[in-house]
Amino acid sequence: MENYLDILWIAISAGLVFLMQPGFLCLEAGFTRSKNNINVAMKNMSDVGLSILLFWAVGYALMFGSSYNGWIGTTSFFPEVGEGDYWTAVLFLFQVMFCSTAVTILSGAVAERMKFTGYLVITIWVSTIVYPIFGHWVWNSAGDTGTSGWLAQKGFVDFAGSTVVHSVGGWVSLATLAILGSRTGRFAPDGKPRKIPGSNIPLAMLGALLLWFGWFGFNGGSTLALNEQVPGIIANTLLGGAAGLFAPVAIAFVRKEIIEVNLGINGALAGLVAVTASCHAIEATGAVLIGGIGGLIMWITDKVLIRLRIDDAVGAIPVHLGAGIWGTLAVGIFGNLEKLGTGLSRLEQIQSQILGILVCGLWTFSLTYMFVKFYNYRYPLRVSRDNEYQGLNITEHGASTELYDLFRTLENQARTGDLSLRIPVEPFTEVGQIALHYNAVMDELELAINHNNLIVDTVRDGIVSFSRKDLEILSFNPAAETLFGYPESQVKEKSIKILLDNSTVFSQRSYYDFFAPERLDILVANTVREMIGLRADGTMFPMEVMVSKTKDVTQPFYVATFRDITERKKHDSIKNDFISTVNHELRTPLTSIRGALGLLKGGVVGEIPKAAKELVEIADRNSNLLLRLISDILEINKIQSGAKDFHLKPISLVNLLKESVSGNHAYAIQFGVHLELATNSDVTVNVDSDRLIQVLNNLISNAIKFSPQKGTVTIRTEHNDKFVSVAVQDEGSGIPESFKDRIFKKFSQAKSSQQKKGGTGLGLYISKTIIETLGGEIGFESIENQGSTFFFILPIWNDRKSLQD
C-alpha cells in the first residue's frame, strides 16, 4: 500500500511539474511583444514534446542507466514504460518533466530573434547530451542500480535541481545569447538600455503563479516518496518564493526607484529556484533567507547583464542561473548536515557545492557554446532584421493577427502614400473597433485631399511645392506645367531655380538669390514679389510669386504660387504713359500757382488781410503737398516700369548713414528729437547711393515726426558674412494693430493724431520698392505705446566675386 501511495504522489507531482510548462508559456508570452507571442508559445509547446521523446529514447538511459564509473549511463535506452516495471515508469514520468523544464528555460531568454528550427536543434542537444549526462553525475542513484554519479560521491547535494535543472538551463541560455546577440533596439548606439515592454503583464503574472504552484510538485515530489518530509519541503518552497518576491521590491523602494512588475515576478521565481537545492534540509528561517537573497542575486545579475549588453528577454539567466548558483552554495551554508547525509563538515560541504557549481558551468557553457558556435556558422540561428521587425509570428509560422494586419496596412500606407487602403474590420474586437474608426477618418481625409487636389489641379495659377534644404521640387500642378512648359516628371527633385531667369540684371539676380535656404524666410515674410520666369523653351515672362511655409509638420516645405502678369504689364505700360502725360500737364500749372502764391506771401501786392493771408498759407501748403504727390507717383511709376535707372556701385554703408543723419539733423532739432547712430563696424554694399539715401531719409524723418519731444531716434546696424541690416527705432506711440497689414501699401496712413504730420502716404511704398529692387527686404516691428522699429536687409558686397558668380 505504501508503494502505491509513493507512486501516486510521484505521479501527482509529475502532473504539477507539467503544469509549470503552461506557466513558462504564459510568463514568456506576457513578457514579450504580441508580434512574437505565438512563436514563444510554439517553442514552449514544441520543446516539451521533443524533450519527452528524446529523454525517453536517449536521455533517461544516459542519466539513470547503469553507470560507467559514475560518468555516464549505459543501459535503459528506449525504456519500456508502458507495460514494464512501475518504478521505471514513474521515475521516467517525473524526471522527463525536469528535462523539459531545463530545456524550456532557453526559449524565454532568446525570445523574439531566434529561428524556430535552430531552437529545436539546441533542444535536441540539451535533451540528449548536456542535461542527462550532468544529471547522471548528481542523481544517478535514483535509478535502478542505485549507483551514485561521481559528483554525488564527492558529497555534492542538489535536492531538486537548483543546479541540475535551473543552472543548466541558465548556462545554456548564456552561451546561446553570447552568440545570438541582443534584440534590435534593445540598446542604443551609446550602449544605454532601452526598455522593450511586454504585451500582457497580467498573463505573465498568471504564468508566475502557475510556476509557483507547480513548484510544490517539483520540490515535494523530489523525495520520490510520500513521507514526513513532504509538508516541510512544500512549506519551505512557499516561504522561499515569498521572500524572493519582496526582497528586490524592498531594494527598489529603498533606492526610490520605480517598482517594476518584473521585479516581483522574477524575484519570486528566483526565491523558488534558490530554495530548491536545500528545501529538504533547512529550517523555515533558512528558507526565507535563501529565498530573499536569491531575489537580490537575481536583481544584481540582471544589472550585470545589462551592463554587459546581454539581452535576456524575460530574465531567465538572473532567475535560473544567478539564483541557482546561490541556492546550490546555500546548501553548504544553511543545510542540516545530518539531513544532508554526506558525512562532510560544513567547510567540506561548501567546497563540494562550489565544485559542483564550477563543473556545471564548465560542462554546460563550454560544450554548448562550441556546439552553438559551430551550428550558427553553418546555419545562422538569428532571423533577418526585417523578419525581426515584422515579428516571428508571421515570418516563422505565417500566423497573422488582427493587430499585425492593422500595422501592415498602416505601414503600406505610409510607404506608398495610397490613401485608398483600408484596414480589414473584424467586428466585436478592440482592434476591429480601432480599424472601423480609422477607416472612417481615412474616408474623410481622402475626401478632403481629393477636394484640395481638384482645386489645385483646376486653378489657373502655377502651384509648386519644394523642400527647404535643396529646394527640390516636390509637386507641380497642371497650371504650372502649362505656365513653364515642363511636365511634372521632368522637374521633380530638381531645384526650383530652373523656373527663374538667372540673368545678369541686378534686380533679377537679387530675386533669384531669394530662393536660397538662408533667405527663404525673408521671401515668405513678403506677400507678393514680381520676378522673371523662365520657360522650358528659354523664353522669359514677368510673373508674380508668393511663397508660404508649411507649419507643424516634421519635414517643413514651401509652396510657391506663380502668376503670369504679361497682359497686366502691357496695360501697365499704357497706364504709365498716361500717368507721365498727366504729371506733365499738372506740374506746369501747379508750378505757376506755387509761384503766384509765393509772390502773394512775399507782399508783392502789398499787405493782405489776415483772413486772406491764412487762405494763401493753406493754398500754398496744399499745392506743395500736391506737387510732392505728383513727384512720388511719377517716382513709383518709373521704378515699376523700369524707366528709372539704378546706378550701382560699391560704397561704405556707414558713410551713407552719416550723410543721412546729418541731413536730418536740423529737422530733428525742429521736433526736439535726438538722433543717435550706433554701429560697430562698416560694410560695403553695392547700391544706388541716391536711392538708398532716399530710403534712409524717409525712415528717419518718419521716426522724427512720430517721436515725442526729447525722444531719441536710434539708427543701428548688424551684419553677418552675407547680409547687413539697418534699423531705425523711435520712441513714439507705435503702429495700430489694424493698420500693420497695410503699412507698405500705396496711400496708406493711420488715422490717428500722430498722422497729422503731413505726407502723401507713398513714402514707405517707395522705400519698399527701392529696397526690393536693390535685392533686399524691408520690414518693421511695433508695439502700441512702445515705439516702432523699421529695418531693411541688404546683401553685403564681396569684391572677390562678381554678381554673375
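User: Let's start with asparagine 236. Which residues is it in contact with, leaving aside its neighbours within four places in sequence?
Analyst: This is a predicted model, and in it asparagine 236 is in contact with Val275, Cys279, Ile282, Glu283, Ala284 and Ala287, if you skip neighbours within four places in sequence.

User: Where's asparagine 236 placed?
Analyst: Asparagine 236 is in helix 8, which covers residues 229–254.

User: And how far from cysteine 279 is its C-alpha atom?
Analyst: The two C-alpha atoms are separated by 5.8 Å, although asparagine 236 and cysteine 279 are 43 residues apart along the chain.

User: Is asparagine 236 buried or exposed, and why?
Analyst: Asparagine 236 counts as buried because its relative accessibility is 6%, and the cut-off for buried is under 20%.

User: OK, now serine 107. Where is that one found?
Analyst: Serine 107 is in helix 3, residues 86–109. At 2% relative accessibility, serine 107 counts as buried.

User: What does helix 3 give to the largest nonpolar core?
Analyst: That core has 96 residues, and the ones touching the most other members are Phe55, Tyr131, Phe134, Trp137 and Trp139. Helix 3 gives the most to this core, with 13 residues.

User: What does tryptophan 139 touch?
Analyst: Leaving out residues up to four places away in sequence, tryptophan 139 touches quite a list, including Met63, Phe64, Phe98, Tyr131, Phe159 and Val165. There's also a second, separate core of 39 residues, and among them are Val687, Ile735, Ile743 and Phe744.

User: Switching to salt bridges. How many are there in the whole structure?
Analyst: A search of the whole structure finds 15. One of them joins arginine 33 to glutamate 112, with the closest N and O atoms 3.2 Å apart.

User: Which parts does that pair tie together?
Analyst: Arginine 33 lies in the loop between helix 1 (2–31) and helix 2 (37–64), and glutamate 112 is in the loop between helix 3 and helix 4 (116–139), so the pair ties together parts that are 79 residues apart in sequence.

User: Are those two residues buried or exposed?
Analyst: Arginine 33 is partly exposed, with a relative accessible area of 21%, whereas glutamate 112 is buried at 0%.

User: What about glutamate 260 and lysine 195?
Analyst: Their side chains meet in a salt bridge too, at 3.2 Å from N to O. Glutamate 260 sits in the loop between helix 8 and helix 9 (261–276) and lysine 195 in the loop between helix 6 (162–180) and helix 7 (201–220), so this pair ties together parts 65 residues apart in sequence. Glutamate 260 is partly exposed, with a relative accessible area of 35%, and lysine 195 counts as exposed at 60%.

User: Which residues do salt bridges with shared partners join into one network?
Analyst: Arg33, Glu112, Arg113, Arg183, Arg186 and Asp311.

User: Now the sheet with strand 7 in it. What's the strand order?
Analyst: It's an open sheet of 5 strands in the order 7-9-10-12-11, with mixed pairing. The edge strands, each pairing on one side only, are strand 7 (674–678) and strand 11 (777–782). On average, neighbouring strands are turned by 15° against each other, direction ignored.

User: How do strand 10 and strand 12 pair?
Analyst: Strand 10 (residues 723–729) and strand 12 (residues 788–795) are antiparallel, over 7 bridges. For example, serine 725 has isoleucine 793 in strand 12 as its bridge partner.

User: Which helix packs on the sheet?
Analyst: Helix 24 (residues 653–663) packs there, touching strand 7, strand 9 (712–719) and strand 10. Helix 26 (residues 689–705) packs on the sheet as well, touching strand 7, strand 9, strand 10 and strand 12.

User: Last one: how many residues of helix 27 are buried?
Analyst: Helix 27 (residues 763–773) is mostly covered, with 10 of its 11 residues buried. Glycine 775 follows helix 27 and has a positive phi, near 90°.

Note on methods:
Residues numbered from 1 in each chain as written. Predicted model: local features only at pLDDT ≥ 70, side-chain atom pairs only at ≥ 80, totals over all residues. Heavy atoms only, no water. Helix = DSSP H or I, 4+ residues; strand = E, 2+ residues; numbered from the N terminus. Buried < 20%, exposed > 50% of the residue type's maximum accessible area, 1.4 Å probe, protein only. Pairing = 2+ DSSP bridges. Axes fitted to C-alpha atoms, helices over the stretch in contact; angles between N-to-C directions. Contact = heavy atoms within 4.5 Å. Core = buried A, V, L, I, M, F, W, Y, C linked by side-chain atoms within 4.5 Å. Salt bridge = Lys/Arg side-chain N within 4 Å of Asp/Glu carboxyl O.
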